[in-house]
Amino acid sequence: MSTTASPAPGAGSRPGGRSARVRAAVHLAVRELVADDPGEPLTIPVLAARAGVHATTVYRRWGTVGELLADVATSRFSGDIVVPDTGSLRSDLERYASDLAKDLCDPDTLALVRATIGIGGEQGAAACRGERQQQLEAILERERARGGHPPTLERTTDAVLAPLYYRGVFTNDPLTPEWTRTLVSHLLPD
């Protein structure tokens, strides 16, 4: 007769345990390496050493640097910008574009976006735009609920997100509040 108690349901997972600590350490290592030394090649062994974990742990959990960057980006961009509710679609989009521009002007954020898109390919791009498109959809849905007829998500993405990301990631042109308002005025002419 065994005196060993059977494990409790869900005992195999340890939310907040070692797995969470490893994820946090690896995410921090990615953000630090990308921000501190963008010229440093991002490899799993380099990231693992920086995080203080074995490379096999990183390979097992993420597989590739691209998948890891996509995970870090998804985590970083989830819920970081509050969807404005000013009562007006134009004002909501202007504030949203301005907040996103400020976020993209942060050197650490910009370094993460550039690395994620550069190394992660389509998966990285999807990680960078996914939450943003959900935020835009929430703004557009709110306008529909108010009885308005907003542009489509695709048109809004092309008019607001695309220029912000293009200018932020690929140029050194400033992302000024005046410029972000012009994006909205082109989308919603008077």
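Residues are numbered from 1 along each chain as its sequence is written, and side-chain values use heavy atoms, with hydrogens and water left out. Because the model is predicted, local features need pLDDT of at least 70 and side-chain atom pairs count only at pLDDT 80 or more, while totals for chains, interfaces and linings use all residues.

The protein has a mean pLDDT (the predictor's confidence in each residue, from 0 to 100) of 86, and 90% of its residues reach 70 or more. Helices here are DSSP runs of H or I with at least four residues, numbered from the N terminus. Confidence is highest in helix H8 (residues 177–187), at a mean of 96, and lowest in helix H4 (residues 65–77), at 87.

Next come the helix pairs. Two packed helices are described by the angle between their axes and the distance between the axes. Axes are lines fitted to C-alpha atoms, for helices over the stretch in contact, with angles from 0 to 180 degrees between N-to-C directions. Helix H5 (residues 89–105) and helix H6 (residues 107–145) have axes that come within 12 Å and cross at roughly 165 degrees. H5 is therefore roughly antiparallel to H6, a label for angles over 145 degrees. Their crossing is right-handed, meaning that the near helix is turned clockwise from the far one by less than a right angle. Residues of H5 including Leu93, Tyr96 and Leu100 meet residues of H6, among them Leu110, Val113 and Leu136. The residues of this contact divide into twelve nonpolar (Ala, Val, Leu, Ile, Met, Phe, Trp, Tyr, Cys and Pro), five charged (Asp, Glu, Lys and Arg) and two polar (the others, Gly among them).

For H7 and H8, the axes come within 9 Å and cross at roughly 155 degrees. That angle makes H7 roughly antiparallel to H8, and the crossing is right-handed. Ala159, Val160 and Leu164 are among the H7 residues that meet H8, where the partners include Trp179 and Leu183.

Finally, the aromatic rings. Rings of Phe, Tyr and Trp (its six-membered ring) pair if their centres lie within 6.5 Å; planes under 30 degrees apart count as stacked, over 60 as edge-to-face and the rest as tilted. The count comes to one aromatic pair. Tyr166 and Phe170 form a tilted pair, 5.6 Å centre to centre with 35 degrees between the planes. These two residues are about one helical turn apart because they lie four residues apart in helix H7 (residues 153–170).

Key:
Parallel < 35°, antiparallel > 145°, perpendicular 65-115°, else oblique. Contact = heavy atoms within 4.5 Å.
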